[in-house]
Amino acid sequence: TPNLHLDVNVALTNIPNGNAEFLKSQSGYADFYPEFGWFGTLDTMSPLQGYLLRLAEDTDFTYNDNSLNNIPSNCDLRQSLDSSFGLNINKYEYNGTMTSALSIEGDIVDSYDYILLAYDGLECVGFAEPLYFPLTSKIIFPLMVYGNSDDNMITFKIFDKKTNEYLPINNKIEFKKDMILGDGYNPVI
């Protein structure tokens, strides 16, 4: 692979359209939308990082190493301690993804004022800032959740940035390594 940071849409341009579905690293992920390209929290592929790529069928491709197509990036990998909510992704062997939308009292949240947090007991195991999804013009919360074993029950809270308050969420999910729940079109509510 080239010793360059490459935009995901450039790095994986040699995969035939429709064969790639999902890409993740230890700290971010992206879904492939045929009419748009890759979209999510993973927008840059970097040297010496590991990636998991899900394909619809076996596909031979060459990682794009054309440096003329390099799109510079100030790549934020969240790869070590992310002290925002006490999350340290290096403590966990596995991760899974959950593209979400928030509903407060029946109304879908269309605001950047909230952060979605995931917990295993009292420990924060993931959080997501709101992200504008251009294909639906809606706000989504692309959440990566971390764990060391399957079957742990994950609970959620919403952090209100305006009031600095935590709001409980009644939903729970069972953590499964490499789980992929929801996407920009069909987020988990």
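**Close-up views of a predicted model**

Among contacts (heavy atoms within 4.5 Å) in the protein between residues at least 6 apart in sequence, 67% join residues at least 24 apart. This is a predicted model, in which local features need pLDDT of at least 70, side-chain atom pairs count only at pLDDT 80 or more, and totals for chains, interfaces and linings use all residues. Residues are numbered from 1 along each chain as its sequence is written, and side-chain values use heavy atoms, with hydrogens and water left out.

View 1. Helices (H or I, at least four residues) and strands (E, at least two) are DSSP runs, numbered from the N terminus. Of the 189 residues, 42% are buried, that is, under 20% relative accessible area with a 1.4 Å probe and protein chains only; exposed is over 50%, and partly exposed lies in between.

**View 2. The largest nonpolar core contains 32 residues.** Such a core is a set of buried Ala, Val, Leu, Ile, Met, Phe, Trp, Tyr and Cys residues joined through side-chain atoms within 4.5 Å. Leu117, Leu143, Val145, Ile154 and Phe156 have the most contacts inside it. At least two residues of this core come from each of strand S12 (114-120), strand S13 (123-128), strand S15 (138-147) and strand S16 (153-160). Another core, of 14 residues, lies apart from it and includes Leu6, Leu12, Phe32 and Tyr63.

**View 3. Phe156 and the residues it touches.** Leaving out residues up to four places away in sequence, Phe156 is in contact with Met98, Leu116, Leu117, Ala118, Leu143, Pro168, Ile169, Asn171, Lys172 and Ile173.

**View 4. An open antiparallel sheet is built from 4 strands in the order S4-S3-S2-S6.** Strands pair if DSSP finds at least two bridges between them. Strand S4 (37-40) and strand S6 (52-55) are the edge strands, each pairing on one side only. Strand S2 (residues 20-24) is joined to S6 by 4 bridges, and Lys24 stands opposite Leu52 in S6.

**View 5. Tyr132 lies in strand S14 (residues 131-133).** Tyr132 counts as partly exposed because its relative accessibility is 39%. Not counting residues up to four places away in sequence, Tyr132 touches Phe39, Tyr112, Ser137, Lys138 and Ile139. Tyr112 is 20 residues from Tyr132 in sequence, and their C-alpha atoms are 9.0 Å apart. The side chains of Tyr132 and Ser137 are joined by a polar contact of 3.1 Å; the term covers a pair of N or O atoms within 3.5 Å, where within protein one must be able to donate a hydrogen and the other to accept it, and residues adjacent in sequence count only if both atoms are side-chain atoms.
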